[in-house]
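Work through the two exercises below. Each has a task and a stepwise solution.

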Amino acid sequence: MRLFPDVSAHVAAGPEGDGPGDGGDGGNGGGQIGIATRTRTKPKKPSQFKVLMLNDDYTPMEFVVMVLKGFFRMDMEQATQVMLHVHQRGVGVCGIYPYEIAETKVTQVMDFARQNQHPLQCTLEKA
């Protein structure tokens, strides 16, 4: 008396009944068991964008440093270096972020500058 059915016949036959001796594939590869593999797609990293600050002749350097410290979490030394770079070269990178974060930072900086009556310009470009 068997408690369990004979599974070896089912495994050898496969799902389409192509087991040995049943004429399913003419003996080519019959009885072979394939391993199903699933390729896992890696999530694509979001595109990165540079937040750029533009120089102007009116916004005080101290205000620019305050913006860099407040919105971009720079320490005093780093904020001063970026501010001087913007002052001397006309443009400087404040940070690199995914699009939504970069866009938010640009909007926050521009709004804050307007509230304080400064013409500071901030923009973004693909990194």
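Angles under 35 degrees count as roughly parallel, over 145 as roughly antiparallel, 65 to 115 as roughly perpendicular and the rest as oblique. The model is predicted: local features need pLDDT of at least 70, side-chain atom pairs 80 or more, while totals for chains, interfaces and linings use all residues. Numbering runs from 1 along each chain as its sequence is written, and side-chain values use heavy atoms, without hydrogens or water.

**Exercise 1.** Classify the packing of H2 and H3.

Step 1. Take the geometry. H2 and helix H3 (residues 76–89) pack at about 125 degrees, with axes 9 Å apart. Axes are lines fitted to C-alpha atoms, for helices over the stretch in contact; angles run from 0 to 180 degrees between N-to-C directions.

Step 2. Apply the classes. H2 and H3 are therefore oblique to each other.

Step 3. List the contact (heavy atoms within 4.5 Å). H2 gives Met61, Val64, Val65, Leu68 and Lys69; H3 gives Met76, Ala79, Thr80, Val82, Met83 and His87.

**Exercise 2.** Classify the ring pair of Phe63 and Phe112.

Step 1. Recall the rule. Rings of Phe, Tyr and Trp (its six-membered ring) pair if their centres lie within 6.5 Å; planes under 30 degrees apart are stacked, over 60 edge-to-face, the rest tilted.

Step 2. Search. The whole structure holds 4 aromatic pairs. The centres of Phe63 and Phe112 are 5.4 Å apart and their planes at 10 degrees, so the pair is stacked.

Step 3. Extend. The rings of Phe71 and Phe112 have centres 5.5 Å apart and planes at 65 degrees, so this pair is edge-to-face. Ring pairs link Phe63, Phe71 and Phe112 into a cluster.

How values were computed: Helices (H or I, at least four residues) and strands (E, at least two) are DSSP runs, numbered from the N terminus.
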